[in-house]
Amino acid sequence: MVIFILRRLGQLLPVLLGVVTLVFLLLHFIPGDPVDLMLGEQAMATDRQALRSALGLDQPLWKQYGRYLSGLVRGDLGLSVHSQRSVSAEIWSRFPASFELMVGGLVVALGLALPLGTAAALRPRSWIDGGAMAVSFLGVSIPNFWLGPLLILAFAVHLDWLPVSGRGTWQHLVLPAITLGTAMAAMLSRLVRASLLDALGDDYVRTARAKGLTASRVVLGHALPNALIPVVTVVGLQIGGLLSGAIITEAVFAWPGIGSLLLDGIQSRDYPLVQGCVLVVALIYVLVNLLTDILYAWLDPRVRLA
Amino acid sequence: MKGSAIPTKPSPVGGRRRWLTALGPAARVGALGLALFVVAALLAPWLATSDPLEIRLEEQLRPPSVDHPLGQDGNGADILSRLLFGARISLSIGLTVVLISAFIGITVGLISGYYGGPLDSLLMRFVDILLAFPGLLLAIALVAVLGPALSNVVLALAALGWVGFARLVRGQVMVLKERPFVLAAQTSGASDGRILLLHVLPHVLSPVLVQATFGIAGVVLAESSLGFLGLGAPPGTPSWGAMLSEGRDVLFIAPHVSIFPGLAILLLVLALNFVGDGLRDHLDPRRQGLGGTS
Amino acid sequence: MPEVVDPRGDGTILARLRGVEMAFPTRGWLGAEPPVKILQNIDLEIRAGESLALVGESGGGKSTLARLLVGLLKATAGSVEVMGYDLSRLHRNQRLPLYRQLQMVFQDPSGSLDERWRGRALLSEMRRLHGLDAEDETLIRLLTEVGLSADTLERFPHQLSGGQRQRLALARALAVEPRLLIADEPVSALDLSTQAHILRLLRQLQAHRNLTLVLVSHDLETVAACCDRVAVMYLGRIVEVLPAGHLRRARHPYSRALLDSLPSSRPSERRLRQAIVGEAPSFRQPPPGCPFQPRCGVAEARCRQQVPVLEADADGNRLACHYPLSS
């Protein structure tokens, strides 16, 4: 197991370096002069020069890269052009909000997918199955930038049950979490169904049935735990969808997370801030995937040897 | 093997002729819906009741009426007309991005899978790096630095979209290249290019087609997401994403401005997902489930 | 055109393998591990006009050797010369002339024919590639030669029976009029009566076309039916080479044990039959000394220490055994 983790970490290094490099190069993909874009055409020459040297843009590329890397190692992502605060501090201050939203989305996703998928698998080809799968089709296809506003109109404006936007109480979290979690719930419920159907066909489940255990016992005690193993990997992979969905969800609900920060940065052409946000989100994703792999290997020892 | 009652390989001759009827009810509904969208997009200039770029500020944000069944937007333009023209943009962007992605992805996948070795490792490490950016993140970042324009949206989405095709094709090729008919092609004396194009490529086209269908759905969603964030077409363009972005500001006073574009996106994506799912079940009865279009 | 010529000698040598080794890299827990040697010290010549069989249990390296001979794999050491071409350094534009003379038939006829191609396309592609005419008349003559009817041109492989498919695969290989044909277990995927038909066909073709044949088989009866010479392989090495007619007098305990597995084995050799019951050792951990020693009934201490070398005896047969049986 230790060796597996070490090997996996070893594979991760080139990817991490690549991610960092790509994010670094992002600034250099800008057509024209990034300083012009950030400060506008009318900026004073001295201001331009100041920003140029602050960003290190007056140095050769490899020196900029070295500076960027050494900054990263110290957790320094540079300074925000607008607020003049450190980018890492800005991101860190938004972290709890993003985390809260992610957990909320995940809870919604699993809370919907597990019962829906299980119900569908227990009565394959029944109306429950058909209904559950239709709902899941709808859920996968519904854009969250549309679902969010609809939920706001229904529950915040018309019914006035929940707040329209912002963060604070648990009520604030409900609509964003549903918006974020729906697509993942839809995908997972199909997976849970397929995986559970597979497990229900396995020998040990038949044995358990033959022993006279009740259907629900068989499912909850034997089939479901095994069916969940592949679900774990997919949840890990889908965290990516959740992370990028969160950007939109935060925009819809004015949720003060990293996604909103990123969009603010884009709006104000604060490129160091944009770079920092993109890098942090990518790193979180890579980390989650690593944890998923390890968890999966722990649950299913065959993987370790592959 | 479970559920192997279905013959493993439907004959390619007979299968092609009756693929529509073999698709299953959901996929047929999807195909019908998709056809409607395509027709609407093609005939937009004739179907639209008014100019999608028309500005009638005195009629701005009017709710649905007899003359304007889906209402009017912030400029007073007819939303239905704008949606019809928007279908052109969405479908052509979807198609363009998927074609470019598929072309690059298939090429990379064929070469990477067939030759293996250091080139393959290098390409796959690059793929890993691109995949380390979840979902739309890199596209958002790319459009953010390149500037909001439809061409940049296409560029950004294609820059990421090829990865899926490359991985899919590579995996298939790695299996195919050990199959005796490919070995037989190698010992026929044919060149590598000929083997790849004539003997390997035809066998990966079915899964590529499935992936492309889901891919178009994904691109339509991605384009509208970017548009919603203000990173797509410039304001005023009748793109569904841009329309949503405009509707966002007037959500409470004129919800119809964002509801109808969103519904159009939902229906198109749903149709594509139905078709993709049906195609997949038809071409490979063993696999089930939804593709990654979130 | 380069060609190995042996003027007025025993006949032309079409292929010559010297000290060939085939090792596959393996991946262990921590990166690379020592490569696994699937073939070792292979020395072999293939003479024009002969039919040579490579026999042994499955997993003995026969198919790997066959793939080396047609250039589908590259030897990790030693030299493989076929039709005068050094296969380890085959240039791209040498492929066409090589495969004009060298062809291969695979074990699984349904897999070796592209299921999307009709008979006509399968055959005409081969002829066109090599600049030969692809008239229907020519193709039908080819089909007739392998015992197929003209309407096979219109058929997809899945519309043919297993035997017909193998005949079509054979026609495809023969379409370029090769001099050397490598057949990798050509009948083992077929039912018994079809096997006999295909084997008879192979023998006829060989005589009729002056074809040199290398037949890979795990089945000694197949070999006896259509070959002149037999090379017995065990765990990646050639352990004995002898004329097919002398199989009964094989001297290597492994060859004899293989014979024993035939239904017509003699009672006096029962002892050996028991000796071969054990599992074939794996390539990953080859036994010390003679590769066959752990399963051999007559192995002595020396067999566990020293690998026997393949040496030619007075009759020109070759044998790698410290304590050969009497013939």
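**Exercise 1.** Work out whether B:Arg194 is buried, partly exposed or exposed, then find its salt-bridge partner.

*Solution.* Start with the number: in this predicted model, B:Arg194 has a relative accessible area of 30%. Partly exposed covers the range between under 20% (buried) and over 50% (exposed), so B:Arg194 counts as partly exposed. Next, look for the partner: C:Glu125 makes a salt bridge with B:Arg194, with 3.3 Å between the closest N and O atoms. Now check where each one sits. C:Glu125 belongs to helix H4 (residues 119-129) of chain C and B:Arg194 to helix H10 (residues 192-228) of chain B, so this pair joins two chains.

**Exercise 2.** Find the salt-bridge partner of C:Glu50 and say where the two residues lie.

*Solution.* The partner is C:Arg229, and the closest N and O atoms are 2.7 Å apart. C:Glu50 is in the loop between strand E2 (31-47) and strand E3 (51-55) of chain C, while C:Arg229 is in strand E9 (residues 229-234) of chain C. That's 179 residues apart, so the pair links distant parts of the chain. Both C:Glu50 and C:Arg229 are buried.

**Exercise 3.** Which parts of chain C does the salt bridge between C:Arg209 and C:Glu145 tie together?

*Solution.* First, the contact: the closest N and O atoms of C:Arg209 and C:Glu145 are 2.7 Å apart. Then the places: C:Arg209 lies in helix H7 (residues 192-209) and C:Glu145 in helix H5 (residues 136-145), so parts 64 residues apart in sequence are tied together. As for accessibility, C:Arg209 is partly exposed at 22%, and C:Glu145 is partly exposed at 24%.

Key: Residues numbered from 1 in each chain as written. Chains lettered and ligands numbered in written order. Predicted model: local features only at pLDDT ≥ 70, side-chain atom pairs only at ≥ 80, totals over all residues. Heavy atoms only, no water. Salt bridge = Lys/Arg side-chain N within 4 Å of Asp/Glu carboxyl O. Helix = DSSP H or I, 4+ residues; strand = E, 2+ residues; numbered from the N terminus. Buried < 20%, exposed > 50% of the residue type's maximum accessible area, 1.4 Å probe, protein only.
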